Amino acid sequence: MSIELTRNFSIIAHIDHGKTTLSDRLLEFTKTITERQQQDQLLDAMDLERERGITIKSHPVSMYYKAKDGKTYQLNLLDTPGHVDFSYEVSRSLAACEGAILIVDAAQGVEAQTLANLHLANDQELTIVPVINKIDLPSADLPKVHKQLEDIICIPAEDAIPASAKAGIGIEDILEAIVERIPAPEQPKDDHLRASVFDSIYDNFRGVVSYVRVMSGSMKRGTRIKFFHTPNTYEIKEVGVFTPAMTKRDELVAGDVGYVIANMKSAHDVKIGDTMTTSVQPCPEPLPGFKEIQPMVFSGIYPVDSSDYESLKVAVAKLQINDAAFSFMSESSAALGFGFRCGFLGLLHMEIIQERLRREFNMDIISTYPSVIYEVTQTNGEEVIVDNPCMLPEAQQIQEIREPMVRVYIMTPGDYIGDLMKLIMEKRGDMENTETIDDLRVMLTCRMPLAEILVDFNDRLKSMTRGYGSMDYEHDGYRAAKMVKMDIMIAGEPVDAFATIVHRDKAEGYGRKLCERLKTVIPQQLFVVAIQAAIGGKIIARESISAMRKNVTAKCYGGDISRKRKLLEKQKKGKAKMKAIGKVNIPQDAFIRVLKND
Ligand SMILES: Nc1nc2c(ncn2[C@@H]2O[C@H](COP(=O)(O)OP(=O)(O)OP(=O)(O)O)[C@@H](O)[C@H]2O)c(=O)[nH]1
């Protein structure tokens, strides 16, 4: 297919505005996929994605469309993950396109994620084709959405294509707009191979499959390739396109979107955003935009039963071969035994990995409170990066601690602004902008510490706005803050699994909460147990559990010795599941309960 007849595009949208439904309709209309296949494809999707109703990852697809001008075009649709954890992948997919369809729900209007996605598309200077979806809904309000497009996004309302992905309205108009409005890929300036790797998956049988957009040159089976950010060279075993199944082709040329299989054995052999070129005649410099993926959120993962350590090690290593964004290192904790310190792109990524360990590997795991990365300047001038509260240098050795920040976009009905501003302040955020979107809604922009939105910010936003508020965020550098390490001591012994880095002003409140919660999960002992929160040796919160003599046989009056024995047996078993912290026995699930509840 000649380059003038190729169009590369993505679909961007707020969650639930109809991206998946529209993609399916485009595939159906171009007869790329039959209804029967569509069902199969749905069955193939990861369980997790279906349960959560979000698309985490999906394949690009090539379709052929005979346009009204009589010519047949190859349209390559690159899907983008719809979550900020994967925003680097989104930016690489967008960089491989010339245009994007921007879907806006006719009833809901522009949302926070619509804007965040649009920023990413504008950064890549893509041609935007706005589509107003769900016009079949009785609550659809086209004039309102038109006004929002003009006021907020600065797109002329007449450019927007009214559509219903569900009812099949406007599908042909969208395809025509892709052909007419989105430019063909640029003619390459020379013949050097330059292919941008925008995603990769790991296949148990074929190893790494790289998804690429070829910018110039060509490649086929036998071509020797190399990258700019990994050292090795590889020989290509197979190239092909997505129809949507992987379909072998003789060659990929400039303008094409397809896949490359070379003998790469681990997800770490190829980095997303890197440039693939030939090893014999490499292009002089890489394509722009590469970034090393940095994990932003860390958590310890431990086997509940310490004899499962080896199996857990095998499981995390397997996951890492699949997922280059996931990292781990062994660590040990006095409270939890041997386990791993794991790095994730964000909270959703963390949950996905934990779920996969549970489901695919049948691991019974416990994870510690998530932590972000802190940059620490020590008094001796040395810089250290801290991802584990236990590794924070002593207070007197610290000159400055900087924490990661995010810029948050919040869309909310105007009535809740007051409450939301309070929440933002409580979370140590700074308001940057308030903009009226329409008669009902307002968009707030603020800068907040990443650590503050990690756990419950979105939930509180949702409940505060009765579900009408939406948010999205992007990473925005580091800022100095008064962070301190808070220890939790049980009967005088610090328990490393509960150590956290908190803001000095919030330490008391958080310490009190943790102590109260621990009090409810630690069983009474034969002596009084003190639960204390401390900063650098100074106690800031305290609870105590009164002593009790536990006599399990008390209920068995008199005779029945076998029943007595049974109860004693049971008590012994119960003891085995306890973890001894100093002289206090803490039930294993106490950690789970306390850490989970947050
Ligand atoms: N009434 C109506 N409903 C639609 C239309 N398009 C999609 N929907 C419904 O809206 C819901 C969300 O659609 P999806 O296509 O899954 O949304 P999405 O944007 O792909 O969501 P993510 O994959 O989570 O980003 C589904 O229940 C669809 O059936 C439409 O044109 N009209």
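Let us start with Asp16, which sits in the loop between strand S1 (6-13) and helix H1 (19-29), where helices (H or I, at least four residues) and strands (E, at least two) are DSSP runs, numbered from the N terminus. What we are looking at is a predicted model, in which local features need pLDDT of at least 70, side-chain atom pairs count only at pLDDT 80 or more, and totals for chains, interfaces and linings use all residues. Residues are numbered from 1 along each chain as its sequence is written.

On confidence, the chain averages a pLDDT of 86, and 89% of the residues score at least 70; pLDDT is the predictor's confidence in each residue, from 0 to 100. Over residues 41-45, however, the pLDDT is below 50, and where pLDDT is low, the predicted coordinates should not be read in detail.

Asp136 lies in the loop between strand S5 (127-133) and helix H6 (142-153), and it is partly exposed because its C-beta neighbours inside 10 Å number 14. Leaving aside residues up to four places away in sequence, Asp136 touches Ser164, Lys166, Ala167 and Ile169, a contact being two C-beta atoms, placed from the backbone, within 7 Å.

Finally, the buried residues of H1, among them Leu22 and Leu26, pack against several elements, including S1, S5 and helix H7 (171-181).

Key:
A residue is buried if 20 or more other C-beta atoms lie within 10 Å of its own, exposed if 12 or fewer, and partly exposed in between; C-beta atoms are placed from the backbone.
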